[in-house]
Amino acid sequence: MSKTHTEKNPSKRADGEYVTLIDHSSDKQYNLSVLHGTEGPKVIDIQSLYKDTGFFTYDPGYTSTGSCDSTITFIDGEKGILRHRGYSIENLAEHSDYMEVCYLLLYGELPNAEQKSDFVHEITYHTMVHEQLLGFYRGFRRDAHPMAIMAGVVGALSAFYHENTDINDPEQRRMATHQLIAKMPTIAAMAYKYSLGQPFVYPRNDLDYAENFLHMAFSVPCEDYQVNPVLGRAMDRIFILHADHEQNASTSTVRIAGSSGANPFACIAAGIASLWGPAHGGANEAVLNMLGEIGSKDRIPEFINRAKDKNDPFRLMGFGHRVYKNYDPRAAVLRESSHQVLSELGIKDEPLLDIAIELEKIALEDDYFVERKLFPNVDFYSGITLRAMGFPTSMYTALFALARTAGWIAQWKEMIKEPHQKIGRPRQLYLGSQERPYVLLNKRG
Ligand code: ACO
């Protein structure tokens, strides 16, 4: 195998700049260093705050907290910018493919021709799963959610490939990393096949990553299946657009799980669990459910009003983002891609797409959404595209997990290599009872 790139980690710059924290109750002052990344807001270094001052910081939801250094992904939510290792997502979606993006995320540079061919070869030749894993699927109910199966099966990989679970061995780390990326499409496609009661389809080494996934999801042994290249390309784009997204909930979950020294298979299973929720990866499924519930364009105002009503828990799924306060750049690429897929498949009157476009138009003009900077996010269009390709809504989040595995594993790898890496352990603002005497059972009211 050709030599893969080795990543360089630029040191953070303190430049002598600091901010002063004044504790008026004791008249004490503390200087806190200001760190500069290569891009993005300045960061106040509070690592020794508790030791120096006796204070914790309070930031539920981590809206103002940087949890790590990273060289992988840069997001400017105000400007709608997403870059991996410096390359814009628009550029990657147009010129690259998912295998290249995986390599870029893992090794820091785009591969040269030899590196790419070696990487693709290694991934291709690890797409099969241990035959005994098939029995594991049969333990699930047929109507199990694919994410439940994915979390279980990916967690079980550490039992099947335990020879690659020593995180201190670079070769085992490399192997586990490649195994996860290689096997994820097989695992996701098998979850789908199992739900249909159809036989599992083995991977084919003559197909590329995205085409092979479509083959495993949609072919049956009794007839020939040709992958439509337009759909193959659209699938690959969906994988690229979901490959990494900085320190979101599931990635932070993977890092926290990994910070205890847990093996990568277990960490990715934790990431899958975190991704499942409707406020994160589950949103693409929720978008389609919501569009179905709206049902027709004339009911859109009713749902817009519900989204604005503070007494109604309803939210417009696929709108808003913790970081993007501008158009999600991934949504712009996927909007175009969804139209290509619909036109290739000859789908002219897709009522849900019509509702989606109308909803987007109204929400983009409505003061409530404009003031709060609630733009459509990537989930808004991925659901429409995947539906046209023939996937049931329950598979959408599983596809997100498949694609995000590259980002999770790159972030995990980066964390493991951090020389001063510590177990992730936030503190709290305790609001419970102070010490009180134990009351015997017969004395309690
Ligand atoms: N519909 C209606 N109102 C919304 C929505 C929405 N989708 N999203 C946010 N708001 C409102 C909130 O009610 C709040 O209003 P207020 O200031 O009057 O109280 C304001 O906008 C800010 O909302 P927060 O919840 O504070 O924003 P936060 O950054 O915590 O939430 C989130 C981001 C979870 C994505 C949210 O926008 C949401 O629930 N969206 C719908 C689910 C979704 O699409 N998730 C996918 C995220 S992207 C991804 O994981 C790939």
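## Around the ligand

A polar contact is a pair of N or O atoms within 3.5 Å; within protein, one must be able to donate a hydrogen and the other to accept it, and residues adjacent in sequence count only if both atoms are side-chain atoms. With that in hand, look at L316: one of its backbone N or O atoms lies 2.8 Å from a nitrogen atom of the ligand. G318 has a backbone N or O atom 2.9 Å from an oxygen atom of the ligand, and a polar backbone atom of F319 is 2.9 Å from a ligand nitrogen. On its own the ligand exposes 920 Å², and the protein buries 75% of that (areas by the Shrake-Rupley method with a 1.4 Å probe; for residues, only the protein chains shown count as cover).

In total, 21 residues surround the ligand, meaning that one of their heavy atoms lies within 4 Å of it. R315, L316, G318, R322 and R372 are the closest.

## What you're looking at

This is a predicted model, where local features need pLDDT of at least 70 and side-chain atom pairs count only at pLDDT 80 or more, while totals for chains, interfaces and linings use all residues. Residues are numbered from 1 along each chain as its sequence is written, and side-chain values use heavy atoms, with hydrogens and water left out.

## Salt bridges

Here's the rule: a salt bridge is a side-chain nitrogen of Lys or Arg within 4 Å of a carboxyl oxygen of Asp or Glu. By this rule the count comes to 19. One of them joins E17 and K42, at 2.9 Å from N to O. E17 sits in the segment before strand 1 and K42 in the loop between strand 2 (28-35) and strand 3 (43-44), so this pair ties together parts 25 residues apart in sequence. (Helices, H or I with at least four residues, and strands, E with at least two, are DSSP runs numbered from the N terminus.)

How exposed are the partners? E17 is partly exposed, at 28% relative accessible area, while K42 is exposed, at 55%. The words have cut-offs: buried is under 20% relative accessible area, exposed is over 50%, and partly exposed is in between (1.4 Å probe, protein chains only).

Then there's E122 with R174, whose closest N and O atoms are 2.5 Å apart. This pair links distant parts of the chain, 52 residues apart: E122 is in helix 4 (residues 113-124) and R174 in helix 7 (residues 170-196). E122 counts as buried, at 12%, but R174 is partly exposed, at 21%.
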